[in-house]
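Please look through the structure shown here before reading the notes.

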Amino acid sequence: MTKRNSAWNRTRASNKLGIEYPIIQGPLGGFSSQRLTAAVSNFGGLGSFGAQGLAPSEIQEVVAEIRSLTNKPFAMNLWVSMEDEGAATSDAEAFERALSHLAPHLEAVGASKPQFSPYKPLRFKDQVRVLLDAKVPAFSFIYGVPPKEILEECHRQDIVTIGTATTPDEAIALEQAGVDMVVASGFEAGGHRGSFLRSSEDSLTGTISLVPQVVDAVGVPVVAAGGIADARGIAAVFALGAQGVQMGTVFLACEESGATRLHREAILSGKARRTSLTRGFTGRLARGIHNQLLEEMNRPGVAILPYPLQRALMRNLSVPAQQAGRSEFLTLWAGQSAGIAQYSNVATLLQSLVNGASAKLASCSDGQQPPGHDKSASANARGSPARSTSIEKSALGS
Ligand SMILES: Cc1cc2nc3c(=O)[nH]c(=O)nc-3n(C[C@H](O)[C@H](O)[C@H](O)COP(=O)(O)O)c2cc1C
């Protein structure tokens, strides 16, 4: 049997994206940086930039800057659904109720009390127009399926589309809409759960269960995300049939990311072993390090504004808490594998992933999936009903 040596990296995902290694640096929302995106792409992975919080003109500038730093493919990421019910009508009274939980902490870090101001929404359709006009190499998204005409325009412009699924049903919906590849994002992942067919609380499948179900449910390449922090994780999800990986937390810990020093240190300190899900940081369910703030925001009875108002409210604390060096009051996003993150720059991290994956996956024969994957023999053929496990909200920690 011929060994495929380091040919593990030649997958349908890496071929479609035109990259050397099927390793995607996951978009990191407001913690993205042009430098991080370009560093990953220059190494041969796919750097991504989370632009959901930016106005169209800012997105245009970011794309231009990334292009000045790399001539390799990169992805721009948006959120298809940008606000939750009630955001447009939420009033000063609701603001004061939500603010009351933060008031003592604002005082502790010497910050003044913020005032209610009416919500000014950003619109997905305006943001995506910029990406289409700029003909970015890849467009990734969460929280839904973009309208048909946008996906069609992407195909006409050769923009690779990457949707995000937290359940097999969502993966099927994305494939049926015509997306080019699907990120299967397990419960372990840092940041938001991008669920769109059921509530996030009811879409909490773990990566080891989700990836093979999504691989069996769709024909497009599947990229595994959630809890992958080293070459062992890459080998594991390749064995489950993934054609690539998307990693977030380990890139967040790198000096090139937009995360603050306190945040990066919290991930790399080895003390990030406990993470939890919360709606308290933004109004949508997301995973972060279980610190004092997260614990308090998860208490019963805490008033939380609809997304994105809660996010804007929490920023009033994040900035002064950061200046005061009070990490117990920060929204420290991280996934469950933060405890094994160990590299603080992109080149060292990627080199270790590539070396490790090459060694671990070299035993696979040329052109074949790793042992154990037989799509045709699968009981979960395409179109079969998705299986999911509901868990009690009280068990969302860890
Ligand atoms: C701080 C942070 C922000 C994120 N923002 C986005 C985002 O805007 N869009 C998106 O599709 N994924 C986002 N993600 C998810 C990551 O791209 C990636 O899929 C996830 O982190 C993978 O799981 P891991 O953290 O266990 O590596 C974010 C993750 C983190 C930690």
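1. Ala-88 counts as exposed because it has 12 C-beta neighbours inside 10 Å. The cut-offs are these: a residue is buried if 20 or more other C-beta atoms lie within 10 Å of its own, exposed if 12 or fewer, and partly exposed in between, with C-beta atoms placed from the backbone. This is a predicted model: local features need pLDDT of at least 70, side-chain atom pairs count only at pLDDT 80 or more, and totals for chains, interfaces and linings use all residues. Residues are numbered from 1 along each chain as its sequence is written.

2. The loop between β3 (74-79) and α4 (92-99) holds Ala-88. Helices (H or I, at least four residues) and strands (E, at least two) are DSSP runs, numbered from the N terminus. Pro-306 lies 218 residues from Ala-88 along the chain, and their C-alpha atoms are separated by 9.1 Å.

3. Helix α8 (residues 168-177) is mostly covered, with seven of its 10 residues buried. Among them are Asp-169, Glu-170 and Glu-175, as well as Ile-172 and Leu-174. Just after α8, Gly-178 has a positive phi of about 100°.
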